[in-house]
Amino acid sequence: MYKRLTIKTLSQAQKAWPDALQAKCSHDPYRMTWQQMTGIGEKLTGRGTPSKVLFVKVGKGVSTVISSRQAQIDFERQITSTKAKNSGLTPYINKEYYCETCGSRSGECHPDTGMCFICDADDWRPVNE
Ligand SMILES: [Zn+2]
């Protein structure tokens, strides 16, 4: 099962997903964006298929990203099984929170448990943070 962990180092990531890789990019000061590093991370381990980005740090001159193809596979499996589990249910909507695990901004959660209706995580963040 995919579980978003508070991963900050490559060894933490590899404990959960042994295929995890890290890229460190040197660049001109303040020339790297979070989106660019995420894009690099998505291509890091997949060989043409996307990887799940587990950690991004944008620094002044050096930026780091960690990602794993296996984490992406686990994540996709979790979304598929959540969809099957929730079929026939009507989600409860709370648009004040978004799901940090899957990025869902629809505010859809399970009517009884309050877990994300898309990925089954309990990883809500306030939209206006
Ligand atoms: Zn979610």
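Q: What makes a residue buried, exposed or partly exposed?
A: A residue is buried if 20 or more other C-beta atoms lie within 10 Å of its own, exposed if 12 or fewer do, and partly exposed in between, with C-beta atoms placed from the backbone. Here Y30 is exposed, having 10 other C-beta atoms within 10 Å, whereas D120 counts as buried, with 23 C-beta neighbours inside 10 Å. This is a predicted model, in which local features need pLDDT of at least 70 and side-chain atom pairs count only at pLDDT 80 or more, while totals for chains, interfaces and linings use all residues. Residues are numbered from 1 along each chain as its sequence is written.

Q: Where do Y30 and D120 lie?
A: Helices (H or I, at least four residues) and strands (E, at least two) are DSSP runs, numbered from the N terminus. Y30 belongs to the loop between β1 (21–26) and α2 (34–42), and its phi is positive, at about 60°, although Y30 is not a glycine. D120 is found in the loop between β6 (108–109) and β7 (124–126), and D120, also not a glycine, has a positive phi of about 70°.

Q: Which residues form the largest nonpolar core?
A: A nonpolar core is a set of buried Ala, Val, Leu, Ile, Met, Phe, Trp, Tyr and Cys residues joined through C-beta atoms within 7 Å. The largest one has 11 residues, namely A13, W17, A20, M32, M37, L54, F55, V65, I66, A71 and F75. At least two residues of this core come from each of β2 (52–57), β3 (62–68) and α3 (69–86). Another core, of 8 residues, lies apart from it and includes C99, C116, F117 and I118.

Q: Why do the buried residues of α3 line one face of the helix?
A: The residues in question are R69, A71, Q72 and F75. Seen down the axis of α3, they fall within an arc of 160° (the arc of the directions from the helix axis to the C-beta atoms), so they line one face. The face turned away from this buried side carries the exposed residues R77, T80 and A84.

Q: How far does α3 reach from its first C-alpha to its last?
A: The expected span of a helix is 1.5 Å times one less than its number of residues. With 18 residues, α3 reaches 26 Å, close to the 26 Å expected. After α3 comes G88, whose phi is positive, near 90°.

Q: How is the chain divided into domains?
A: Domain bounds come from an automatic or database domain assignment. Here they give domain 1 (10–71) and domain 2 (88–126), whose centres, taken over C-alpha atoms, are separated by 26 Å.
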